[in-house]
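Dear colleague,

I am handing over the structure that we spoke about, and my notes on it follow below. Please read them with the model open beside you.

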Amino acid sequence: MYVDTHAHIYLDEFREHWDQLISDCADVEVKKIYLPNIDETSIDQVHDLADKFPLVCKPMMGLHPCYVKGNYKDQLKLIKEQFAQRQYSAIGEIGIDLHWDLSFVKEQEQAFQAQIEWAIDLKLPIAIHSRKSLDETISAVEKNQNGQLSGVFHCFNGTVEQAKRIIDLGFFVGLGGVITFKNAGLEEMVKSLPQENIVLETDAPYLAPHPNRGKPNTPVYLPIIAEKVASFRSESIDDVKDYTTKNANLLFGI
Ligand SMILES: [Zn+2]
């Protein structure tokens with residue numbers, strides 16, 4: 001079986017097709033899907049899907065950096081309260097985004113730091129969003145790594161050197177559709193990774209893998225990403241399936 005370590009399929013655009021989607025995922029052996037939260041407005045959606053398919057869909061909870069605004073402390077308070085109500089697989093997605101909107105960078109850094117501290121207190125892994133902020137997010141984890149922090153850099157598209165820093169931290173590298181894009185230039189990085197550090201993800205509905213680039217993404221496309229990993233690394237698809245599933249279970253403490 002495969003594990004999709006990062007997919008937003010709780011969003012409204014998927015809701016009326018949930019049954020079909022989960023059954024299509026099972027047909028291509030995608031049998032576990034981790035759901036990163038975005039902000040306070042997505043909490044109920046994440047819970048609805050996780051409650052409907054408790055064996056397949058596992059919730060995370062956190063505040064996404066693109067949704068960190070002036071009121072972020074109120075948002076964090078509301079999100080933190082969720083951890084007293086139910087169990088989550090990870091804190092996510094959290095991090096820093098230097099691509100979309102640079103007006104709240106300080107607040108993003110503070111929200112990221114606060115949520116890293118929750119992770120240490122609650123002994124939960126973190127799922128990190130690092131768009132155009134790999135050096136910043138890696139440094140933040142390095143600063144906080146006390147031997148107890150674990151997690152994944154989701155949708156990793158950095159250099160061999162940045163991957164090495166992540167591996168030295170004991171973190172996982174989440175490989176998604178971006179590695180399949182023509183001219184992405186990520187082959188050497190993918191080849192450089194130890195098997196022990198690789199997990200797969202789709203980030204659905206974003207970043208559909210080639211040849212579906214630009215279309216809405218779904219976890220059904222996860223095997224396309226696995227095939228690309230296998231071809232870059234000259235491994236069999238079964239090996240990639242096995243070790244990435246084993247790694248995903250380690251990442252989420254299963
Ligand atoms: Zn995401």
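Does His8 count as buried or exposed? At 1% relative accessibility, His8 counts as buried, where buried means under 20% relative accessible area, exposed over 50% and partly exposed in between, with a 1.4 Å probe and protein chains only.

Please bear in mind that this is a predicted model, in which local features need pLDDT of at least 70 and side-chain atom pairs count only at pLDDT 80 or more, whereas totals for chains, interfaces and linings use all residues. Residues are numbered from 1 along each chain as its sequence is written, and side-chain values use heavy atoms, with hydrogens and water left out.

His6 (NE2), His8 (NE2), Glu93 (OE) and Asp203 (OD) coordinate the zinc ion at 2.0 to 2.6 Å, donors being N, O and S atoms within 2.8 Å of the metal (3.2 Å for Na, K and Ca); water is not among the atoms, so sites may look incomplete. The angles among the four donor atoms run from 86 to 175°, and the site is irregular: four donors count as tetrahedral if all angles lie between 85 and 135 degrees, four count as square planar and six as octahedral if opposite donors are over 155 degrees apart and all others between 65 and 115, and anything else is irregular. Along the chain, the donors follow the spacing H-x1-H-x84-E-x109-D. Because His8 lies in the loop between β1 and α1 (12-15) and Glu93 in strand β4, the pair ties together parts that are 85 residues apart in sequence. Glu93, at 2% relative accessibility, also counts as buried.

Turning to the sheet, five strands form an open, parallel arrangement in the order β4-β5-β6-β7-β8; strands are DSSP runs of E with at least two residues, helices are runs of H or I with at least four, and both are numbered from the N terminus. Its edge strands, β4 (91-95) and β8, each pair on one side only, pairing being counted if DSSP finds at least two bridges between two strands. Strand β6 (residues 151-153) pairs with β7 over two bridges in the parallel sense, and Val152 has Phe172 in β7 as its bridge partner.

Just after α9, Ser234 takes a positive phi of about 50°.
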